[in-house]
Amino acid sequence: MNIEPIRLTEADTAPPVPIVRDWSRRPTLVLNSNSFMRNILINVLRDAGVRDIMVETHASRAMHALREISPALIVADWAEQADPDEDRVRLLQRIRASQGSHYRETPVILMSAPRPRADIERARDAGASEYLVTPLAPITLINRLKSLQTDQRAFVDSSRFAGPDRRRRPRRERKPGFKRSSDVEAGLTTPMEAARRAALALAHETRLSGDPLAIRVGRSLQRFIALQDTYTSAESEVVEMHRAALALLTRMADNGDPLRDPVVTGLEMIVDKRLGQR
């Protein structure tokens, strides 16, 4: 089974210098297929100080516009679309996956009627900056715009996630769950303990996804780490295999590929073989 390598954590890459977000000087791209809501949104944005607004009604045209301009912000509706190419989350994934593009790190606000938690987490994991429920008061959007300007989150770039750091607030627990390479380097935890906590976090994440195959990957990693006494490059390789498998499962699901089970079965066979060699 060919599984591409992946870094252990999102924090392994140093965050880039924050982008200047000046709504009054750089254009804002509005993607909205409803003319009534579009007009309301434009008026609210102008009240918030946005001067240059470009409007598109289709995702394909929005991608074309992004290549032509350097927007400070993207505001998109998120309604159910019969055409998969119009799925706003898929569009968001394309934006965040555009390596080297000038618009990859542009803040993206998604607006929709109330959605299930699983949908919201899907948008968050695709790299959404903000999610707003409609109908909304104009002051709500204005406050979010101010927040994007004053409380800029670092852009995380890893093989499993690209987008603004999903951690909005500092941890408040008495015992923070140190699980990143930077935590180990800072002397806050040991490699073994960091790996155990990272495996626990990944297992929790996969359970929330509701995907049975992703859940199997999370359980496989927990099982492997629980039986290790030390954490070396050999154990790190297996951890990266699990993360790469999750990334592959996500891509296959987005592309409608039904043959996802062999990915997990092959991974479980590798783990069984590694454990049998102990």
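**View 1. Strand β1 and its side chains in the predicted model.** In this predicted model, Thr-28 and Val-30 of β1 point one way, while Leu-29 and Leu-31 point the other way, and all are buried. In a regular strand, side chains alternate between the two faces of the sheet. Strand β1 is joined to β2 by 4 bridges, and the two run parallel. Within this pairing, the bridge partner of Val-30 is Val-55 in β2. Strand β1 also pairs with β3, in the parallel sense and over 4 bridges. Here Leu-31 stands opposite Ala-76 in β3.

**View 2. The open sheet.** How many strands form the open sheet, and in what order? There are 5 strands, in the order β2-β1-β3-β4-β5, and the pairing is parallel. The edge strands are β2, residues 53-56, and β5, residues 130-133; each of them pairs on one side only. From one strand to the next, the twist averages 20°. The whole chain has 10 helices and 7 strands.

**View 3. Strand β3 and its pairing with β4.** Strand β3 covers residues 73-77 and β4 covers residues 108-112; they pair in the parallel sense over 4 bridges. Val-75 stands opposite Ile-109 in β4, and Ala-76 stands opposite Leu-110 in β4. Are the residues of β3 mostly covered or uncovered? Strand β3 is mostly covered, with 5 of its 5 residues buried. Leu-73, Val-75 and Asp-77 point one way from the strand, and Ile-74 and Ala-76 point the other way. The buried residues of β3 thus include a charged one, Asp-77.

View 4. Helix α3, residues 88-96, lies across β1, β3 and β4. Relative to β4, helix α3 runs at about 175°. Angles over 145 degrees count as roughly antiparallel.

View 5. Most peptide bonds are trans. The bond from Thr-134 to Pro-135 is cis, with omega near -5°. Where does Pro-135 lie? Pro-135 is in the loop between β5 and α5, the latter being residues 138-150.

**View 6. Helices α8 and α10 packed together.** Two packed helices are described by the angle between their axes and the distance between the axes. Helix α8 spans residues 212-226 and helix α10 spans residues 261-276; they pack at an angle of about 10°, with their axes 10 Å apart. Angles under 35 degrees count as roughly parallel, and α8 and α10 are therefore roughly parallel to each other. On the α8 side, the contact is made by Leu-213, Arg-216, Val-217, Ser-220, Arg-223 and Phe-224. On the α10 side, the residues in contact include Asp-261, Val-264, Leu-267, Glu-268, Val-271 and Arg-274. The residues of this contact divide into 7 nonpolar, 2 polar and 6 charged.

**View 7. Ser-220 in helix α8.** Ser-220 lies in helix α8 and is one of the residues that make the contact with α10. Is Ser-220 buried or exposed? A relative accessible area under 20% counts as buried; Ser-220 has 6% and is therefore buried. Leaving out residues up to four places away in sequence, Ser-220 touches His-242, Glu-268 and Val-271. Glu-268 and Val-271 are among the α10 residues in the contact with α8.

View 8. Gln-228 is found in the loop between α8 and α9. At 6% relative accessibility, Gln-228 counts as buried. A polar atom of the Gln-228 side chain lies 3.0 Å from the backbone oxygen of Phe-224. Phe-224 also takes part in the contact of α8 with α10.

**View 9. Glu-237 and Arg-274.** Glu-237 is found in helix α9, which covers residues 233-254. With a relative accessible area of 38%, Glu-237 is partly exposed. Which side chain makes a polar contact with the side chain of Glu-237? The partner is the side chain of Arg-274, at 3.2 Å. Arg-274 belongs to α10 and is one of the residues in the contact with α8.

**View 10. The chain as a whole.** Of the 278 residues of the chain, 44% count as buried. Among contacts with a separation of 6 or more, 66% are between residues 24 or more positions apart.

Technical notes. Residues are numbered from 1 along each chain as its sequence is written. This is a predicted model: local features need pLDDT of at least 70, side-chain atom pairs count only at pLDDT 80 or more; totals for chains, interfaces and linings use all residues. Side-chain values use heavy atoms; hydrogens and water are left out. Two strands pair if DSSP finds at least two bridges between them. Axes are lines fitted to C-alpha atoms, for helices over the stretch in contact, and angles run from 0 to 180 degrees between N-to-C directions. Contact means heavy atoms within 4.5 Å. Angles under 35 degrees count as roughly parallel, over 145 as roughly antiparallel, 65 to 115 as roughly perpendicular and the rest as oblique. Buried means under 20% relative accessible area, exposed over 50%, partly exposed in between (1.4 Å probe, protein chains only). A polar contact is a pair of N or O atoms within 3.5 Å; within protein, one must be able to donate a hydrogen and the other to accept it, and residues adjacent in sequence count only if both atoms are side-chain atoms.
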